[in-house]
Amino acid sequence: MIDKKDFASSLFLLVLGLFLAFQSFRLSVWSQFGPDEGFFPLAIAFVIIVLSLIILLKALHPARAAGETGTAGTWRGKKETIFKVSFYTILMVAYGLLMERLGFLMASTLLLFPLAKIVERQSWTKALMLVGISIATSYILFACLLGVPLPKGPVRGW
């Protein structure tokens with residue numbers, strides 16, 4: 001029996017991943033010196049596509065365990081899960097659309113802070129620390145170690 005929820009969500013994520021991959025090709029993905037500003041968005045799109053295909057295959061697999069249920073058994077838990085997935089999806093699409101205009105620093109802050117504070121319900125201190133550490137780690141990894149030029153947006157001095 002096909003799991004209709006997993007099937008529908010995996011198709012949605014597959015379309016989203018393909019859209020993000022297409023959009024990332026509008027940026028320069030590779031230069032003569034190595035990865036360029038479109039490389040990171042393309043890598044994320046690739047991960048979304050692969051994971052959505054895995055979910056799709058599991059949804060189509062006929063021998064699923066009979067006792068397997070969703071992660072949230074109650075209606076309240078399901079509403080919370082729907083809220084989280086919807087919020088993550090909206091912010092990820094916005095991130096992809098705003099990255100080039102706002103730059104890595106501003107787009108990442110606008111994405112991560114609402115996720116930490118609103119969706120994951122972290123304290124102000126934890127949310128700010130999470131955002132700062134995540135952005136610094138990503139910047140050091142991609143811009144410094146891998147040499148990937150991240151979109152700067154209106155902030156040019158960093």
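## Surface and burial

The protein chain exposes about 10500 Å² in this predicted model. Carbon and sulfur atoms supply 72% of that area. Of the 158 residues in the protein chain, 28% are buried.

Contacts across the sequence are well represented. Take the contacts in the protein chain with a separation of 6 or more: 61% of them involve residues 24 or more positions apart.

## Confidence

Mean pLDDT for the protein chain is 84. A value of 70 or more is reached by 88% of its residues. Among the elements, H4 has the highest mean pLDDT, at 92. Strand S2, residues 34–35, has the lowest, at 78.

## Elements in order

The protein chain contains four helices and two strands. Along the sequence they follow the pattern α-β-β-α-α-α. Helix H1 covers residues 4–24. Helix H2 runs over residues 39–60. Helix H3 takes in residues 75–119, and helix H4 residues 124–145.

H2 has 22 residues. From first C-alpha to last, H2 reaches 32 Å, close to the 32 Å expected at 1.5 Å a residue. Its buried residues are Phe40, Leu42, Ala45, Ile48, Ile49, Ser52, Leu56 and Ala59.

Serine 10 has 0% relative accessibility, so it counts as buried.

## Aromatic pairs

The structure holds four aromatic pairs. One of them joins tryptophan 30 and phenylalanine 39. Their ring centres are 5.8 Å apart. Their planes stand at 70°, so this pair is edge-to-face. Over 60 degrees is the cut-off for that class. Tryptophan 30 counts as exposed, at 54% relative accessibility. Phenylalanine 39 counts as partly exposed, at 28%.

Another pair brings together phenylalanine 113 and tryptophan 124. Here the ring centres are 5.5 Å apart. The planes lie at 35°, so the pair is tilted. This pair links distant parts of the chain, eleven residues apart. Phenylalanine 113 sits in helix H3, tryptophan 124 in helix H4. The cut-off for buried is under 20%. Tryptophan 124 has 53% and is exposed.

Side chains of opposite charge can pair when their charged atoms come close. A search of the whole structure finds three salt bridges.

Lysine 84 and glutamate 80 form one, at 3.8 Å from N to O. Both residues are in helix H3, four residues apart, so about one helical turn separates them. Lysine 84 is partly exposed, at 24% relative accessibility. Glutamate 80 is also partly exposed, with a relative accessible area of 33%.

Glutamate 80 forms a salt bridge with arginine 121 as well, and the closest N and O atoms are 3.8 Å apart. Arginine 121 lies in the loop between H3 and H4, while glutamate 80 is in helix H3, so this pair ties together parts that are 41 residues apart in sequence. Arginine 121 counts as exposed, at 59% relative accessibility.

## One network

Which residue in the loop between H3 and H4 pairs with lysine 84? It is glutamate 120. The side chains of glutamate 120 and lysine 84 meet in a salt bridge of 3.8 Å, N to O. Lysine 84 is in helix H3, so the pair ties together parts that are 36 residues apart in sequence. Glutamate 120 is partly exposed, with a relative accessible area of 33%.

These salt bridges share partners. They join Glu80, Lys84, Glu120 and Arg121 into one network.

Terms used:
Residues are numbered from 1 along each chain as its sequence is written. This is a predicted model: local features need pLDDT of at least 70, side-chain atom pairs count only at pLDDT 80 or more; totals for chains, interfaces and linings use all residues. Side-chain values use heavy atoms; hydrogens and water are left out. Rings of Phe, Tyr and Trp (its six-membered ring) pair if their centres lie within 6.5 Å; planes under 30 degrees apart count as stacked, over 60 as edge-to-face and the rest as tilted. Buried means under 20% relative accessible area, exposed over 50%, partly exposed in between (1.4 Å probe, protein chains only). The expected span of a helix is 1.5 Å times one less than its number of residues. Contact means heavy atoms within 4.5 Å. Accessible areas come from the Shrake-Rupley method with a 1.4 Å probe; for residues, only the protein chains shown count as cover. pLDDT is the predictor's confidence in each residue, from 0 to 100. A salt bridge is a side-chain nitrogen of Lys or Arg within 4 Å of a carboxyl oxygen of Asp or Glu.
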